[in-house]
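Reader: I have a chain on the screen and would like to go through it with you. Could we begin with how its contacts are spread along the sequence?

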Amino acid sequence: MSPFGRPSPEEHDALLAQIGPLPLLGRAWPRWIAVIAWLIMAIIVIRLAMVLQLSPDQALPMPVILSIMVCVGALIWMSAHMWTSVTEISDWGIRQSWITRREVPWSEVQSTKFIPLFASKKLVCFVQKGRPVTFQAGTPELQAAFARISLVYRKRT
């Protein structure tokens with residue numbers, strides 16, 4: 001084990017064998033979180049429709065309505081990505097489809113940190129150059145794999 005958290009090739013191979021048959025694919029966000037996002041979007045759209053039907057003397061100014069509609073569009077776009085995003089652990093590294101594609105090859109991972117939040121389990125990968133990359137795990141298999149990766153790649157000082 002290097003002082004930077006990188007495991008030996010044998011430790012890395014043992015980790016991949018322990019994770020299971022690769023590639024391991026799963027939802028990036030738990031289904032219930034994505035459903036809640038869509039329910040909230042439905043409530044916002046219904047409320048916006050009600051506001052748009054107000055009489056002219058009660059109506060919001062058009063710039064405000066347009067701003068709200070742009071924000072709602074952005075939230076719908078994000079909710080769609082929450083529904084369709086997939087995380088993949090492979091021999092190459094970790095990938096996640098998201099608004100922008102996130103990917104880190106094993107060769108660049110220096111250390112990791114597993115963050116088990118209530119709604120989302122995350123793995124933060126600290127890389128050789130650049131900002132850390134955060135991946136979401138929406139399935140129990142991915143969550144267990146993230147915990148194992150974190151144990152093997154934990155920072156040693």
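Author: Among contacts in the protein chain between residues at least 6 apart in sequence, 60% join residues at least 24 apart; contact means heavy atoms within 4.5 Å. Please note that this is a predicted model, in which local features need pLDDT of at least 70 and side-chain atom pairs count only at pLDDT 80 or more, while totals for chains, interfaces and linings use all residues. Residues are numbered from 1 along each chain as its sequence is written, and side-chain values use heavy atoms, with hydrogens and water left out.

Reader: Which secondary structure does the protein chain have?

Author: The protein chain has four helices and seven strands. Helices (H or I, at least four residues) and strands (E, at least two) are DSSP runs, numbered from the N terminus. In order from the N terminus, the elements run α-β-α-α-β-β-β-β-β-β-α.

Reader: Is it a compact globule or more spread out?

Author: The protein chain is more spread out than a compact globule, because its radius of gyration is 21 Å, well over the 15 Å that the globule rule gives for 157 residues. That radius is taken over C-alpha atoms, and the rule is 2.2 Å times the number of residues to the power 0.38. Along the principal axes, the C-alpha atoms fill a box of roughly 70 × 30 × 25 Å.

Reader: How much of the protein chain is buried?

Author: Buried residues make up 38% of the 157 residues. Buried means under 20% relative accessible area, exposed over 50%, and partly exposed in between (1.4 Å probe, protein chains only).

Reader: And which residues have the most contacts inside the largest nonpolar core?

Author: They are Ile-19, Ile-89, Ile-94, Trp-106, Phe-135, Ile-149 and Tyr-153, in a core of 21 residues. A nonpolar core is a set of buried Ala, Val, Leu, Ile, Met, Phe, Trp, Tyr and Cys residues joined through side-chain atoms within 4.5 Å. The elements giving two or more residues to this core are α1 (9-19), β6 (121-127), β7 (133-137) and α4 (140-152). Helix α4 gives the most, with five residues.

Reader: What does Ile-19 touch?

Author: Not counting residues up to four places away in sequence, Ile-19 touches Leu-24, Ile-89, Ala-145 and Ile-149.

Reader: Turning to Leu-142, where is it found, and what does it touch?

Author: Leu-142 is found in helix α4 and is buried, with a relative accessible area of 0%. Leaving out residues up to four places away in sequence, Leu-142 touches Leu-24, Gly-26, Arg-27, Thr-87, Ile-89 and Ala-137.
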